[in-house]
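Please look at the structure below before reading on.

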Amino acid sequence: KNFPEYSIFRFDSDTKQKKSSLIADLATSNLIVSTHAGMSLLHLDSISTVVFLLFESDLTLPDYRMEEDLYHMLEYAKKSSKALYIQTFIPDHPLLLTLTEGNYRDFLEYISSERKKFFYPPFVDFVTIRIHDVSRDRLENMRNKLINKIETLKEDHITFFYEKEITERTHGEWVVKLMLKGKG
């Protein structure tokens with residue numbers, strides 16, 4: 001609605017197109033709305049500007065490697081020689097300061113202290129089990145059986161986390177994660 005004069009192309013992990021039609025659609029589009037999947041398009045000459053909206057929203061994802069992943073993604077975009085804009089409410093975040101000041105060592109020290117403080121690798125062992133299925137009911141059944149088995153077998157020094165609700169859907173499948181954390 002805000003850009004009626006633009007030909008908009010949506011690109012994410014659910015975009016299922018043949019490469020030839022994908023390239024044709026990209027060639028006729030002058031605004032691409034994309035998830036992280038769009039990083040693979042940065043090599044195209046037709047893309048001149050990259051905008052990361054709400055940078056901090058990715059930091060809320062339950063993945064202890066997210067800051068590193070964001071760093072690599074932003075660094076890749078920065079090295080692509082495209083105009084790069086980052087919209088954020090936390091401009092003094094260590095990750096953004098690292099990218100603007102180029103002090104990767106400080107960022108590594110920050111990440112290391114965070115991981116130690118919250119008991120993430122390499123300070124503990126961490127296992128993620130991902131289960132996926134096209135049927136939400138089948139997935140819930142598999143998840144419940146596995147939860148019962150793990151609860152029965154796990155040792156006291158192991159912490160077990162899992163999602164109570166199945167809400168994630170990607171590539172046409174429902175996904176659930178089970179996580180175990182402890183010192184081996």
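## Helices H2 and H3

H2 and H3 are roughly parallel to each other, because the angle between them is under the 35 degrees that sets the limit for that description. The model is a predicted one. The axes of helix H2 (residues 66-79) and H3 cross at roughly 30° and come within 10 Å. Their crossing is right-handed. On the H2 side the contact is made by Glu67, Leu70, Tyr71, Leu74, Glu75 and Lys78. On the H3 side it is made by Leu95, Leu96, Thr98 and Leu99.

Two packed helices are described by the angle between their axes and the distance between the axes. That pair of values is given for each of the helix pairs below.

## Helix H4 and its two partners

Pro94, Leu95 and Thr98 of H3 make the contact with Tyr104, Phe107 and Tyr110 of H4.

H4 also packs with H2. The axes of H2 and H4 cross at roughly 160° and come within 11 Å. H2 and H4 are therefore roughly antiparallel to each other. H2 passes H4 in a left-handed crossing. The residues that meet are Glu67, Glu68, Tyr71 and His72 in H2 and Tyr104, Phe107, Tyr110, Ile111 and Arg115 in H4.

## Inside helix H2

H2 has 14 residues, which at 1.5 Å a residue should span 20 Å. The C-alpha atoms at its ends are 20 Å apart, in agreement with that value.

The buried residues of H2 are Met66, Glu67, Leu70, Tyr71, Met73, Leu74, Glu75 and Ala77. These buried residues pack against strand E3 (49-52), E4, H3 and H4. Just after H2 comes serine 81, which takes a positive phi of about 65°.

Helix H5 (residues 136-153) has 18 residues. From its first C-alpha to its last, H5 reaches 26 Å, close to the 26 Å expected at 1.5 Å a residue.

Which residues of H5 are buried? They are Leu139, Arg143, Ile147 and Ile150. Seen down the axis of H5, these buried residues fall within an arc of 70°, so they line one face of the helix. What covers the buried residues of H5 includes strand E5 (125-133), strand E6 (159-162) and strand E8 (173-182). The face turned away from the buried side of H5 carries exposed residues, namely Asp137, Lys145, Lys149, Thr152 and Leu153.

## Isoleucine 90

Where is isoleucine 90 found? Its place is the loop between strand E4 (83-86) and helix H3 (94-101).

Leaving out residues up to four places away in sequence, isoleucine 90 touches Phe55, Glu56, Leu59 and Leu96. Phenylalanine 55 is 35 residues from isoleucine 90 along the chain, and their C-alpha atoms are separated by 8.5 Å.

## Backbone features in the loops

Leucine 54 lies in the loop between E3 and H2. Leucine 54 has a positive phi of about 45° although it is not a glycine. At 38% relative accessibility, leucine 54 counts as partly exposed.

Histidine 171 is in the loop between strand E7 (168-170) and E8. Its phi is near 55°, a positive value in a residue other than glycine. Histidine 171 counts as partly exposed, at 48% relative accessibility. Proline 122 lies in the loop between H4 and E5. A cis peptide bond joins proline 121 and proline 122, with omega about 10°.

Conventions
Residues numbered from 1 in each chain as written. Predicted model: local features only at pLDDT ≥ 70, side-chain atom pairs only at ≥ 80, totals over all residues. Heavy atoms only, no water. Helix = DSSP H or I, 4+ residues; strand = E, 2+ residues; numbered from the N terminus. Expected span 1.5 Å × (residues − 1). Buried < 20%, exposed > 50% of the residue type's maximum accessible area, 1.4 Å probe, protein only. Arc of directions from axis to C-beta. Contact = heavy atoms within 4.5 Å. Axes fitted to C-alpha atoms, helices over the stretch in contact; angles between N-to-C directions. Parallel < 35°, antiparallel > 145°, perpendicular 65-115°, else oblique. Left-handed = near helix turned anticlockwise from the far one by under 90°.
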